[in-house]
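Subject: Structure handover

Hello,

Here is the structure I promised to pass on. Please open it alongside this note.

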Amino acid sequence: MPSNRKNARQGFSVALTELLIKFPEIDAAELYKYNKEINFPSGHISHKEARDMYTGFIFAVSCLYRSKRLTETEFCLQILADVFQILLKKKLTVKDIAFKIFLEIVDDLDQQDLEKVVENS
């Protein structure tokens with residue numbers, strides 16, 4: 001997902017979304033945990049690397065959402081809190097993508113759940 005090759009993310013996203021739909025036995029929480037491990041930057045890395053990693057992270061979250069695998073409220077809230085952290089970053093060019101998926105997920109939540117996201121971030 002963090003690949004910056006033209007159309008690689010989009011193609012991989014479509015494939016991952018279809019896999020998640022067709023194989024419900026794939027553990028969404030484990031997939032998310034792995035996504036966060038490999039795509040959430042830590043330490044000293046370049047701005048370009050951070051951008052690519054955050055973009056990969058957001059695309060994977062989008063796959064989980066579009067495959068309707070964000071059914072557990074606590075799991076959904078954890079993901080929203082992580083996406084919200086990305087939105088708080090300065091000078092990050094992936095904010096528009098993060099904001100779009102954040103709003104799509106928020107639309108499916110009720111007011112109390114949304115308040116939990118804001119309180120925990």
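Below is what turned up, from the overall fold to the salt bridges, the pocket and the surface.

First, a caution: this is a predicted model.

Overall fold. The chain has 6 helices and 0 strands. In sequence order the pattern reads α-α-α-α-α-α. The chain has 121 residues, and 41% of them count as buried.

Salt bridges. The whole structure holds 5 salt bridges. Two places are worth a look.

Start in helix 3, residues 47-66. Lys 48 pairs with Asp 52 there, with 3.3 Å between the closest N and O atoms. The two residues are 4 apart in the helix, so about one helical turn separates them. Lys 48 is partly exposed, at 40% relative accessible area. Asp 52 is buried, at 9%; the cut-off for buried is under 20%. The pair also belongs to a network of salt bridges that links Lys 48, Arg 51 and Asp 52.

Now go to Glu 104. Which residue does Arg 66 form a salt bridge with? The partner is Glu 104, and the closest N and O atoms are 3.0 Å apart. Arg 66 is partly exposed, with a relative accessible area of 39%. Glu 104 is buried, at 17%.

Glu 104 has another partner. Its side chain meets that of Lys 100 in a salt bridge, 2.5 Å from N to O. Lys 100 and Glu 104 both lie in helix 5, 4 residues apart, which is about one turn of the helix.

Pocket. The largest pocket contains about 150 Å³ of space. Its lining includes Tyr 65, Lys 68, Leu 70 and the run Thr 71, Glu 72 and Thr 73. Cys 76, Ile 105, Asp 108, Leu 109 and Asp 113 also line the pocket. How many of the lining residues are charged? The count is 4 charged, beside 5 nonpolar and 2 polar.

Surface. Leu 19, Phe 23 and Ile 26 make a nonpolar surface patch of about 230 Å². Leu 19 lies in helix 1, residues 8-22. Leu 19 is partly exposed, with a relative accessible area of 41%. Residues need over 30% to join a patch, so Leu 19, at 41%, passes that cut-off.

Best wishes

Technical notes
Residues are numbered from 1 along each chain as its sequence is written. This is a predicted model: local features need pLDDT of at least 70, side-chain atom pairs count only at pLDDT 80 or more; totals for chains, interfaces and linings use all residues. Side-chain values use heavy atoms; hydrogens and water are left out. On a 1 Å grid over the protein atoms alone, a cavity is a set of points where a 1.4 Å probe fits but cannot get out, and a pocket is an open set with protein on both sides within 12 Å along at least five of seven lines; lining residues have an atom within 4 Å of a point. Grid points are joined across faces, edges and corners, and a volume is the space filled by probe spheres set on the points. Ala, Val, Leu, Ile, Met, Phe, Trp, Tyr, Cys and Pro count as nonpolar, Asp, Glu, Lys and Arg as charged, and the others, Gly among them, as polar. Patches are made of residues with over 30% relative accessible area and no salt bridge: like charges are joined within 9 Å, nonpolar side chains (Val, Leu, Ile, Met, Phe, Trp, Tyr) within 5 Å. Accessible areas come from the Shrake-Rupley method with a 1.4 Å probe; for residues, only the protein chains shown count as cover. A salt bridge is a side-chain nitrogen of Lys or Arg within 4 Å of a carboxyl oxygen of Asp or Glu. Buried means under 20% relative accessible area, exposed over 50%, partly exposed in between (1.4 Å probe, protein chains only).
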